[in-house]
Amino acid sequence: MIESIRGQSLLSLNGVSRGALVEVLDTAESFVEVHQRTIKKVPALKGRVVASLFFEESTRTRLSFETAAKRLSADVLSLAVASSSVKKGESLRDTIATIDALGLDAVVLRHRSSGAAEQVSRYVPHVRVINAGDGLHQHPTQGLLDAFTVRQVLAERRGLSGAETGATLFDGLRVLIVGDIVHSRVARSDVDAYVALGAQVRVAAPGTLLPVDIETWPVEVVGDFDEALEWADVIGLLRLQNERGTGLFVPSLREFTATFGLTAARARRLRPETLIMHPGPINRGVELDSIVADLPAAIIERQVSNGVPIRMAVLYLTVAGANREVA
Amino acid sequence: MASVVVRNGTVVGPRSVAVADVLVVDGVIAAVGEHLEAPRDSREIDATGCWVGPGLVDLHTHLREPGRESAETIESGSRAAAVGGFTAVIAMPNTEPAIDNVALATYVLDQGSRALVDVAVAGAITHGRLGERLAPMGELAALGVRLFTDDGTGVQDAAVMRRALCYARPLGVRLAQHCEDGHLAGEGSMNEGALSSRLGLIGRPAAAEEIMVARDIELVRLTDSPLHFLHLSTARSLAMVGAARDEGLPITAEVAPHHFTLDESACANYDAHFKVNPPLRSSTDAAAVRASLTNGLADAVATDHAPHTAELKDLPFDEAPAGMLGLEHAASLTLEALGASQADPIRFFALLSRNPARIAQLRREDAPVRHSAHGGSVVAGEDANLVVFDPAERWAVRAERLQSLAANTPYHGRELVGRVRWTIVRGSLVVADGALA
């Protein structure tokens, strides 16, 4: 069990304790305020070097991490696969060694291979590695920002700040995760976060998009999306990963939408306070109807904007480590 | 050729063991008995406490030549084999290009004739191992090739496999199958299960292997042509083989040391040294494979020695090639699985020498072509391919000390019991006192 991510690499949310998660959420909350300043910068990581290495296409996660690092005053080395020598056949190990030679405090890594972040953490044990999504494995900062966003919205409804509520708002919270569970690193990180924080999690997916070991997950499987609509306090939709060939796992996108899409008709059956979330990018008309994405209960844009404070918190805690003062 | 006398070892025959001396003269066992008189210039070996048996035979060695000589060559692989106690290896045909013709088979046999141990060749079943058109099995059989396989992949098309079995039968050769349904194993990189799911790695289900085992048992029933199953890794596969053999079908099976020594939990850190096909399985399957050594379901232990360069094994787990080194630790791992100090030496030599030599037709009664005879009794008149194995010596695997060009052992740092002390190939000492002579 990981009791705090301070001074550690963040590779996965599997085994991260409730206390450690709350610490990240509370730290992130203190960084939200920075966003409202005219000068959106704190000196917390001044003089520190953060490398952002994205070996897989990404815009929002990458921008979010780099913005977070810059707001903490870190120096950011940014490497996208298209501009790197990886395309010339350089191995991951050599790429990391080369960048490490420039003097690094942290690496933010996105890679299409599961386990790539853990491998990199073995290559450069003195550098904090933050997994920004590895294959089908984990996307820890997405799990954190999803939990952060839920807590923020629920706390606001009660007129409280998130930090005042700790993890209490998650106790018994009913979260329904829907769609391509098997190919989703977001689903794995979300389940780890929500369950550790005390929520009840159900999943709904076609049989082909459920992991083979789903019965060992701390979740309940719902065969029929419609039956769980009224149950849910939060609905987390997942992107159908067509680029990974997921389209072959369902007969057609039309049938997927008909059975597991959040259509306008299904959205009407939700309780009005039920939150609708999606990690993006959305396949509008597939996982959810365009109209639904624009409902007030859909907090998808909030998820995006919360990416920055969450990643500031993760960078701050992992890199600044034992130093407990938030500048 | 100088003579060698092995003194006071426990000579392990097919059915009994006895302490005796073994005298080797001119590449042949000249005498076996107590207190033998040896010629004055004989090399004397003290084998007290050691097992003396027929040299080990590996049914499943990837020597990588031609094509991937940066990982292994016939010469370097033969050094690894000798240190591991092997006096003969069967070179697998998944080289680049594949050994699917007389010219390439001849090349490997010629290189092998200069190597430290006997190198026999397995030919491909199909052209380019593509699973479509039959390779020239008749021409290759005339060259002495007795085993055919598309190893690396199984023959996916049942009609092609049936045709190959029918074609092989009158040639007196045996086909060997790498059992994995290609569609079901797909892009998987480890055993399918809770661990692969947690790690986000696509799995290769046990059923991918078992489906092909089941299919091929039916094809053997249809054709009555002998078939050897390579590296079986699941309890179900082995149970099906047992049932088929009870019916009298001509089926043999090998298991690999990694499948009875390690299990899928070794993959938990994404270390590609533990990536292999078929994959390391559940602990239950690993236990069943271990049990197959003593309950008779496995005929042979074969290494599936698969060298890969460090740069390839450094790739992310899903991109790294499958396979691990095997020759230099197979004997020790087999001893360990047989119960270390409780191990039955007769079973040890059955699994590692006599049965593989029978399956590959390397024995004297098989009239071997282009190599000496292996896997026989330790009696006068047999070719002197012998190993002296100390079942009590302890040693630790060090990747950098292995003879293979590659270093992709999954056992680096592991303490093993039992070590090859002397390897005698065609009467010559190639390993003396645990090191290359």
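Because the model is predicted, local features are given only at pLDDT of at least 70 and side-chain atom pairs count only at pLDDT 80 or more, while totals for chains, interfaces and linings use all residues. Residues are numbered from 1 along each chain as its sequence is written, and chains are lettered from A and ligands numbered from 1 in the order in which they are written.

Chain A is divided into domain 1 (18-138 + 307-320) and domain 2 (140-304), with bounds that come from an automatic or database domain assignment. The C-alpha centres of domain 1 and domain 2 of chain A lie 25 Å apart. Across the boundary, 21 residues of domain 1 of chain A are in contact with 22 residues of domain 2 of chain A, where contact requires that the C-beta atoms of two residues, placed from the backbone, lie within 7 Å. On the domain 1 side, two or more residues are given by each of helix H1 (18-36), strand S4 (128-134) and helix H12 (300-320) of chain A; here helices (H or I, at least four residues) and strands (E, at least two) are DSSP runs numbered from the N terminus. Helix H1(A) gives the most to this side, with eight residues. By class, the side of domain 1 of chain A that touches domain 2 of chain A has nine nonpolar, six polar and six charged residues, with Ala, Val, Leu, Ile, Met, Phe, Trp, Tyr, Cys and Pro counted as nonpolar, Asp, Glu, Lys and Arg as charged, and the others, Gly among them, as polar.

Helix H12(A) also packs with helix H5 (residues 140-157) of chain A at an angle of about 115°, their axes being 8 Å apart; axes are lines fitted to C-alpha atoms, for helices over the stretch in contact, and angles run from 0 to 180 degrees between N-to-C directions. Residues of H5(A) including Leu144(A), Leu145(A) and Phe148(A) meet a set in H12(A) that includes Asn306(A), Ile310(A) and Val314(A). This contact of H5(A) with H12(A) has five nonpolar, five polar and three charged residues.

Chain A also holds an open sheet of five strands in the order S7-S6-S5-S8-S9, with parallel pairing, two strands being paired if DSSP finds at least two bridges between them. Strand S7 (220-222) and strand S9 (275-277) of chain A stand at the edges with a single partner strand each, so one side of each is left without a neighbour in the sheet. The twist averages 25° from one strand to the next. Strands S5 (residues 174-178) and S8 (residues 234-237) of chain A pair in the parallel sense over four bridges, and Val175(A) stands opposite Val234(A) in S8(A). Helix H7 (residues 185-197) of chain A lies across S5, S6 and S8 of chain A and runs at about 170° to S5(A).

In chain B, eight strands form an open sheet with parallel pairing, in the order S6-S7-S8-S9-S10-S13-S14-S15, and its edge strands are S6 (56-61) and S15 (300-301) of chain B. Four bridges join S6(B) to strand S7 (residues 86-91) of chain B, and Val57(B) has Ala88(B) as its bridge partner in S7(B). Helix H13 (residues 345-359) of chain B, which runs at about 60° to S6(B), lies across several strands, among them S6 and S15 of chain B.

The contact between the chains takes 18 residues from chain B and 22 residues from chain A. On the side of chain B, the largest share, four residues, comes from helix H6 (residues 194-199) of chain B.
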